Amino acid sequence: MAMAAALRREGKRLAPLISPQPINAIRSSLISPDQAPNGIRSISTQVVRNRMKSVKNIQKITKAMKMVAASKLRAVQSRTENSRGLWQPFTALLGDAPSVDVKKSVVVTISSDKGLCGGINSTAVKISRVLHKLNSGPEKETKYVILGEKAKAQLVRDSKKDILLSLTELQKNPLNYTQVSVLADDILKNVEFDALRIVFNKFHSVVQFLPTVSTVLSPEIVEREAESGGRLGELDSYEIEGGETKSEILQNLAEFQFSCVMFNAVLENACSEQGARMSAMDSSSRNAGEMLDRLTLTYNRTRQASITTELIEIISGASALEG
């Protein structure tokens, strides 16, 4: 202790007499020459401290986004589970025929308006492109109807001429059946189709969602399939009451089926979006924590190296004077 105190006193007394040239020789190569006069010891640790501060701020943001996503998920999950009872009776009655052969197909791609939610949007776009390719041909026509900004941004690059309708900011306000039914009615009035293929992500859990395709046939195709037999042939076993004809009933059923399937699909996709965002932000927070640990270790090593360098300079100066 006495030796260390003596060295410190000697270093303070002789500091003005020591030339700065030896200090320049040991400056770190990481610091540019214009920064060097300000002092290598303060700059090297300051760079690490600034980066640590940035990582901490990012970690706070990702944790907050995870909490917001969890809150939104709880709000929409119960509505999603309740909406599944709307379209299931139609599947039991009319079935779901994804492989039906038609001339005019419309792929309705449902995505989110915001990012940072994993790969749910990319998955929906990939499936939409596959459906477009499978249902295209010399005598076949396939078009897109896009709901959501992210799917629009991807499909407009290579399929701009095939996009009939594009709608965004659906989830700006809480969705209800009235809003979705108006949207479905607008699509039915402006789009000619034999089959509507709705692509969305079905929610299973926070870490799992299933890409799903639901098919809604036009009344003419439903009647054609019913006459040809198969599952839709069971429609003839039902007795029709009132003055409406079979075609009118099928028209009403098709419109109501499409609005119900759309309502469930939009809610399922919104639920999957919040679950995926919650999982992505949790992973980001963990990665930020690991990076912060590595930066803390780097900072401690840099600071210890600076202290060691200062001690070496003091001892060297004292030894030179004694010699």
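Colleague: What makes the pair Arg286 and Asp282 a salt bridge?

Modeller: The term requires a side-chain nitrogen of Lys or Arg within 4 Å of a carboxyl oxygen of Asp or Glu. In this predicted model, whose local features need pLDDT of at least 70 and whose side-chain atom pairs count only at pLDDT 80 or more, totals for chains, interfaces and linings use all residues. Residues are numbered from 1 along each chain as its sequence is written, and side-chain values use heavy atoms, with hydrogens and water left out. The closest N and O atoms of Arg286 and Asp282 are 2.3 Å apart, so the pair falls within the 4 Å limit. Arg286 and Asp282 are four residues apart in helix α8, about one helical turn.

Colleague: Why is Arg286 called partly exposed?

Modeller: Its relative accessible area is 48%. Buried means under 20%, exposed over 50%, and partly exposed in between, with a 1.4 Å probe and protein chains only. Arg286 at 48% therefore belongs to the partly exposed class. Asp282, with 24%, is also partly exposed.

Colleague: Which other residue meets the side chain of Asp282 in a salt bridge, and how do you know that the pair links distant parts of the chain?

Modeller: Lys66 meets Asp282 at 2.8 Å, N to O. Helices here are DSSP runs of H or I with at least four residues, strands are runs of E with at least two, and both are numbered from the N terminus. Lys66 has a relative accessible area of 28% and is thus partly exposed.

Colleague: How do you know that the buried residues of α4 line one face of the helix?

Modeller: The buried residues of α4 are Ile120, Asn121, Ala124, Val125, Ser128, Leu131 and His132. Seen down the helix axis, they fall within an arc of 130 degrees, so they line one face of α4. The arc is taken from the directions from the helix axis to the C-beta atoms. On the other side of α4, Lys126, Lys133 and Leu134 are exposed. The cover over the buried residues of α4 includes β1 (104-110), β2 (141-147), α5 (149-158), β4 (195-205), β5 (208-217) and α8 (246-322).

Colleague: What puts the buried residues of α6 on the same side of that helix?

Modeller: Val180, Leu183, Ala184 and Ile187 are the buried residues of α6. They cover an arc of only 100 degrees around the axis, which puts them on the same side of α6. The face turned away from this side carries the exposed residues Thr178, Val182, Lys189 and Asn190. The buried residues of α6 pack against β2, β3 (163-167) and α8.

Colleague: How do you know that the span of α6 agrees with expectation?

Modeller: The expected span is 1.5 Å times one less than the number of residues. For the 14 residues of α6 (residues 177-190) this gives 20 Å, and the end C-alpha atoms are 20 Å apart, so the two agree. Helix α4 (residues 120-134), with 15 residues, reaches 21 Å from its first C-alpha to its last, close to the 21 Å expected.

Colleague: Why does Arg197 count as buried?

Modeller: Arg197 has 1% relative accessibility and therefore counts as buried. Its place is in strand β4.

Colleague: Which secondary structure elements make up the protein chain, and how much of the chain counts as buried?

Modeller: The protein chain has eight helices and five strands. Along the sequence they follow the pattern α-α-α-β-α-β-α-β-α-β-β-α-α. Of its 323 residues, 37% count as buried.

Technical notes
Contact means heavy atoms within 4.5 Å.
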